[in-house]
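This report goes through several local features of one protein model, strand by strand and helix by helix. Please keep the sequence and the coordinates at hand while reading.

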Amino acid sequence: MDDRIDDDDSDKELSGLTSLPPHRKAHSYSQQLRGASTHKRHQRVRKHSLDDSRISSNIESSFYNSDSDDDIFSRSSSTNPAGGDEEYNDNEATQYQPLQEFVGAGGGAGIFKAPFRASVHPGRPPCLELRPHPLRETQVGKFLRNIACTETQMWAGQEGGVRVWEIKNSYEPGSGLGGKVRRGDEDAAPFCESADTSPTLCLAVDNGNRLVWSGHKDGKIRSWKMDQRFVTPFKEGLSWQAHRGPVLSIVLSSYGDLWSGSEGGNLKIWPWESVEKSLSLSPEERHMAALLVERSFIDLRSQVTVNGVCSISSQDVKSLLCDHVRGRIWCAGPLSFSLWDARTKELLKVFNIEGQVENRVDMSSVQQQDQAIEDEMKVKFVSTSKKEKSQTSFLQRSRNAIMGAADAVRRVATKGAGAFVDDTKRTEALVQTSDGMIWSGCTNGLLVQWDGTGTRVQDFNRHPCAIQCFCTFGTRLYVGYVSGIIQVLDLEGNLIAAWVAHNGPVIKLAVGCDYVFSLATHGGLRGWIIASPGPVDNMIRSELAAKELIYTRRHNVRILVGTWNVGQGRASQDSLSSWLGSIASDVGIVVVGLQEVEMGAGFLAMSAAKETVG
């Protein structure tokens with residue numbers, strides 16, 4: 001068995017703003033578990049140069065060589081290409097010295113590389129830590145799924161309801177507003193949580209009614225008042241059963257109607273008249289208000305279904321977008337789009353991700369139904385011979401059967417989405433920019449620009465990872481990737497800046513209160529100043545670096561790292577005690593790697609190691 005021990009009880013060499021400590025002696029120990037020999041072999045200390053630690057301008061190569069949340073790409077800006085970053089990077093390069101790499105006996109080539117550790121990073125804009133990366137085990141049942149911003153608040157949908165932050169309290173001590181601090185959220189800005197509900201899948205801000213609408217996994221749509229005195233837990237307002245399946249997306253149209261999408265391409269409209277009337281009822285009449293809204297829906301899928309043939313896809317509704325410029329609603333599935341008139345609720349166009357029209361709609365759904373009824377009346381009541389009647393009815397039945405079978409095949413093909421189409425081209429996000437253009441993001445990192453009529457204009461590929469989310473402000477487009485990167489583009493698709501926002505996928509972006517907020521899969525929530533990147537970032541960096549000792553804490557941790565080949569034989573208690581027991585009490589972290597693990601062997605090995613270490 002080989003093991004590696006680092007006796008360096010200080011991690012100051014991990015800081016990017018201070019010089020490295022003096023060289024310290026490193027030891028390497030090796031002991032065979034099977035034998036009783038206590039012979040030790042010393043492995044020579046190998047040098048590992050950090051000359052390449054200077055931040056690379058290549059986004060892809062810099063990201064994939066690092067696992068740290070603080071590792072960052074250098075941003076490329078057309079407005080401020082140099083700024084103060086060049087001076088910052090030069091100082092950093094002179095401070096770094098070759099760092100030792102500790103390799104145990106028989107370890108071979110080493111792979112250790114010190115991550116960048118500093119109060120601020122020269123390649124990333126300073127951020128507002130609304131919620132630092134929480135521990136995963138403390139977030140069971142409380143994982144955040146999405147976010148939305150109002151003028152003064154940040155709303156987040158989570159596994160068991162919603163959560164709200166008052167942005168003005170971002171710098172207050174971490175504690176829940178009116179509640180006890182949750183374990184794992186001690187360092188988060190003060191927030192409030194709602195009563196327990198089904199998992200929240202989508203959010204929409206209604207500034208007109210001062211409400212936040214949320215769609216849930218149980219098929220319900222709930223409303224939450226912005227202007228209320230928040231306590232934990234706070235209660236919902238108007239709610240009703242909208243779909244049988246989960247509500248995947250909701251959006252408010254230019255005419256005040258609430259559109260919602262669910263699984264199987266189900267799309268419903270909740271008219272503003274019924275919603276407004278239900279909101280005006282008293283709390284005692286809440287049941288009546290919910291019933292009023294629930295019965296007022298318009299089922300768009302049934303309206304465009306004629307003779308069992310539906311004009312729209314049966315894919316899940318991935319995203320809904322309101323084009324306020326033209327009064328239209330975009331409904332995006334993974335592999336197709338449908339374009340609707342927000343006023344008349346008519347289907348205008350159905351096209352795939354390549355921009356090709358799938359079903360040409362030359363008449364409204366009402367006209368289609370009237371035409372179908374007229375055809376049936378002609379078949380039934382036009383006086384023809386028995387032979388002609390039988391032939392007509394046979395042809396009509398054959399046509400209906402063929403059309404129904406074709407639609408079933410198409411639904412299965414689009415539902416499976418893998419056997420007939422390129423799965424890497426799935427649409428993941430949709431946004432409209434200030435110039436009226438529509439942008440969609442795909443799983444292969446492709447950015448597609450559309451005009452208001454659904455015509456594909458051009459496409460870009462700025463990063464090879466999947467796009468998870470969009471947001472826009474002014475003439476800038478913010479793109480969040482599964483790699484944790486945020487990119488800033490102009491309206492022409494040119495890259496302005498890029499940086500690592502989180503060490504996990506960025507699943508949601510939202511703009512509000514002079515910040516662009518980003519949510520990662522692990523629950524971390526950060527705010528980036530809208531003016532970033534810019535000259536103000538350099539001033540903030542210098543001030544934060546000068547006051548590093550005020551807001552940073554350093555802990556010295558000793559780590560014992562060892563490997564165990566469990567396939568060669570089971571270690572005895574004595575050998576484990578001699579290997580781990582004598583040193584485990586002097587270290588803070590014990591890391592044991594297992595080799596040649598088979599079913600059950602890993603569990604037994606870890607159990608024995610835990611018993612030995614205690």
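Predicted model: local features only at pLDDT ≥ 70, side-chain atom pairs only at ≥ 80, totals over all residues.

Four strands make up an open sheet in the order β13-β14-β15-β16, and their pairing is antiparallel. Its edge strands are β13 (249–252) and β16 (298–299), each of which pairs on one side only.

## Helices α3 and α4

The axes of helix α3 (residues 272–280) and helix α4 (residues 286–294) come within 9 Å and cross at roughly 180°. Because angles over 145 degrees count as roughly antiparallel, α3 is roughly antiparallel to α4.

On the α3 side the contact is made by Ser274, Val275, Lys277 and Ser278, while α4 contributes Ala289, Leu292 and Val293. Sorted by class, the residues in this contact are four nonpolar, two polar and one charged.

Strand β33 (residues 515–520) is mostly covered, with six of its six residues buried. In a regular strand the side chains alternate between the two faces of the sheet. In β33, Tyr515, Phe517 and Leu519 point one way, whereas Val516, Ser518 and Ala520 point the other way, and all of them are buried.

Strand β32 (residues 506–512) pairs with β33 in the antiparallel sense over six bridges, and within this pairing Val511 stands opposite Val516. The two strands form a hairpin with two residues between them, and Cys513 in the turn has a positive phi of about 55°. Strand β34 (residues 525–529) also runs antiparallel to β33, to which five bridges join it, and here Ser518 stands opposite Arg526. The hairpin of β33 and β34 has four residues between the strands, and Gly523 in that turn has a positive phi of about 100°.

## Surroundings of Glu428

Glu428 lies in strand β24 (residues 427–432). Its side chain makes a polar contact with the side chain of Lys318, at 3.3 Å. When residues up to four places away in sequence are not counted, Glu428 touches Lys318, Gly441, Cys442, Thr443, Ile467 and Gln468.

Methods
Residues numbered from 1 in each chain as written. Heavy atoms only, no water. Buried < 20%, exposed > 50% of the residue type's maximum accessible area, 1.4 Å probe, protein only. Pairing = 2+ DSSP bridges. Axes fitted to C-alpha atoms, helices over the stretch in contact; angles between N-to-C directions. Parallel < 35°, antiparallel > 145°, perpendicular 65-115°, else oblique. Contact = heavy atoms within 4.5 Å. Nonpolar A, V, L, I, M, F, W, Y, C, P; charged D, E, K, R; others polar. Polar contact = N/O pair within 3.5 Å; in protein donor to acceptor, adjacent residues only side chain to side chain.
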